[in-house]
Amino acid sequence: MARPNDLVKTGSEFIGWNTATDGTGTSYSAGAPLTTATNLVLYAQWRAITYSFSYQLNGGTSAVPAPGTATFGTKINLPSAPSRADFTFAGWNDGGAQNISSGAEVTLNGNKIFVAQWTAQSFEISYDGNGHDSGASPATGSYLSLIHI
């Protein structure tokens, strides 16, 4: 008995054949010999695929959230926002076009690595000549990193 090449069940892997739809009958492995003297219906048997998920802080300084595993279609909640000095957490990203908020529910349909995304904090610095007699104070500006004054 072989497994037909086009036999697919999303999120599952083929594990063999069985004489009962729920797998409680006689099981047969794909490729195993079968001899029968009567008509026989064999039902494909499936097992949900297990996927892994993990997190990368991408420069964050918090404890890395625990990785895990879950079967196809399982919903997980993403962990709370990690921290990073001088940056604001912008969400988790799994390689998609959009960042995903902390605490959001995500449905697993493959192995995932959720990477923390960050936005640099900006600071405005303004100068006051404090009663100066001549010259101009430096221009006010916004900065994303260390500046020298």
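Rings of Phe, Tyr and Trp (its six-membered ring) pair if their centres lie within 6.5 Å; planes under 30 degrees apart count as stacked, over 60 as edge-to-face and the rest as tilted. That's the rule I started with.

**Ground rules.** I'm working on a predicted model, where local features need pLDDT of at least 70, side-chain atom pairs count only at pLDDT 80 or more, and totals for chains, interfaces and linings use all residues. Numbering starts from 1 along each chain as its sequence is written, and side-chain values use heavy atoms, with hydrogens and water left out.

**Aromatics.** I got eight aromatic pairs. One cluster is made up of Phe 53, Tyr 55, Phe 89, Trp 92, Phe 114 and Trp 118. I also looked for a charge over a ring (NZ of Lys or CZ of Arg within 6 Å of the ring centre and within 35 degrees of the ring normal). Arg 84 has its charged end over the ring of Phe 87, 3.9 Å from the centre.

**Sheet.** Next I traced the strands (DSSP runs of E, at least two residues, numbered from the N terminus). Two of them pair if DSSP finds at least two bridges between them. Four strands make an open sheet in the order β5-β4-β9-β7, with mixed pairing. β5 (68–71) and β7 (87–93) are the edges, each pairing on one side only.

Then I went through the pairings:
- β4 (residues 50–56) is antiparallel to β5 over four bridges, and Phe 53 has Gly 68 as its bridge partner in β5.
- β4 and β9 are parallel, also with four bridges; here Ser 54 stands opposite Ile 113.
- β7 and β9 run antiparallel, joined by six bridges, with Asn 93 opposite Val 115.

**Ile 113.** Which strand holds Ile 113? I found Ile 113 in β9 (residues 112–120). Its relative accessible area is 42%, so I logged Ile 113 as partly exposed (buried is under 20%, exposed over 50%, partly exposed in between, with a 1.4 Å probe and protein chains only). Skipping neighbours within four places in sequence, Ile 113 is in contact with Ser 54, Gln 56, Asn 93 and Asp 94 (contact is heavy atoms within 4.5 Å). Its C-alpha lies 5.6 Å from that of Phe 53, 60 residues away along the chain.
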